[in-house]
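Please look over the model shown here with its backbone geometry and its packing in mind.

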Amino acid sequence: MATTSAAAPAPRTAQSRLEEEGDVAADYLEELLDIADLDGDIDIDIENGRASVAIVADEAGTPALRRLVGRDGEVLEALQELTRLAVQASTGDRTRLLLDVAGHRAAKRTSLVAQAQEVVDRVRASGEAERMEPMSAFERKVVHDAVAAAGLHSESEGEDPQRRVVVLPREVAGGDAADG
């Protein structure tokens with residue numbers, strides 16, 4: 001009598017889990033684009049330990065996609081949360097997936113890094129801590145990373161939606177950058 005043994009599924013690696021998150025998000029977003037009758041391609045990547053999905057279009061299609069960004073990225077933030085929920089419903093795992101539409105976050109990242117460098121320069125020159133304007137979690141993370149790369153420390157203070165980054169001079173810094 002032969003015994004059959006079903007092979008246990010291979011454990012999911014972090015890389016395969018992130019790839020699955022990207023695939024689920026891409027499927028969800030493709031359906032959304034179809035429903036909204038918008039043209040766009042989905043790019044999936046893994047950046048800094050998180051799935052990253054971008055909806056991109058050629059130059060002619062970009063203005064239509066910007067409706068998915070909204071004023072100050074409000075629609076993009078909501079769409080990112082809906083996409084995260086779709087991924088969680090499919091995988092059973094919470095996700096930190098990052099969504100970009102029409103290059104909005106990429107352009108915002110470039111602008112924030114430049115702004116953070118200006119603040120770092122002022123803090124170095126004055127020796128005084130400087131509080132920045134309130135920002136989203138994504139924006140705070142970009143600024144914290146830029147400040148750390150410049151060799152200073154930062155922390156977040158306040159409650160959303162008024163949560164902001166404070167850049168500290170070296171001698172005042174009491175630890176690592178806050179998580180957002």
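Predicted model: local features only at pLDDT ≥ 70, side-chain atom pairs only at ≥ 80, totals over all residues.

Residues are numbered from 1 along each chain as its sequence is written, and side-chain values use heavy atoms, with hydrogens and water left out.

**Helix pair**

- The axes of helix α4 (residues 104–126) and helix α5 (residues 137–149) come within 9 Å and cross at roughly 45°, where helices are DSSP runs of H or I with at least four residues, and strands are runs of E with at least two.
- The two helices α4 and α5 are therefore oblique to each other, a class left over once angles under 35 degrees (roughly parallel), over 145 (roughly antiparallel) and 65 to 115 (roughly perpendicular) are set aside.
- On the α4 side the contact (heavy atoms within 4.5 Å) is made by Arg105, Lys108, Arg109, Leu112, Val113, Ala116 and Val120, and on the α5 side by Phe138, Glu139, Val142, Val143, Ala146 and Val147.
- Sorted by class, the contact of α4 with α5 has nine nonpolar, no polar and four charged residues.

- Apart from neighbours within four places in sequence, leucine 65 is in contact with Leu33, Leu38, Asp39, Ile55, Val56, Ala57, Val101 and Ala102.

**Backbone details**

- Most residues other than glycine have a negative phi, and most peptide bonds are trans.
- Aspartate 37, in the loop between α1 and β1 (41–47), has a positive phi of about 55° although it is not a glycine, and counts as exposed at 69% relative accessibility (exposed is over 50%, buried under 20%, partly exposed in between, with a 1.4 Å probe and protein chains only).
- Asparagine 48, in the loop between β1 and β2, also has a positive phi, near 50°, and is exposed with a relative accessible area of 75%.
- The peptide bond from aspartate 160 to proline 161 is cis, with omega near 5°, and proline 161 lies in the loop between β5 (153–157) and β6 (164–168).

How values were computed: Axes fitted to C-alpha atoms, helices over the stretch in contact; angles between N-to-C directions. Nonpolar A, V, L, I, M, F, W, Y, C, P; charged D, E, K, R; others polar.
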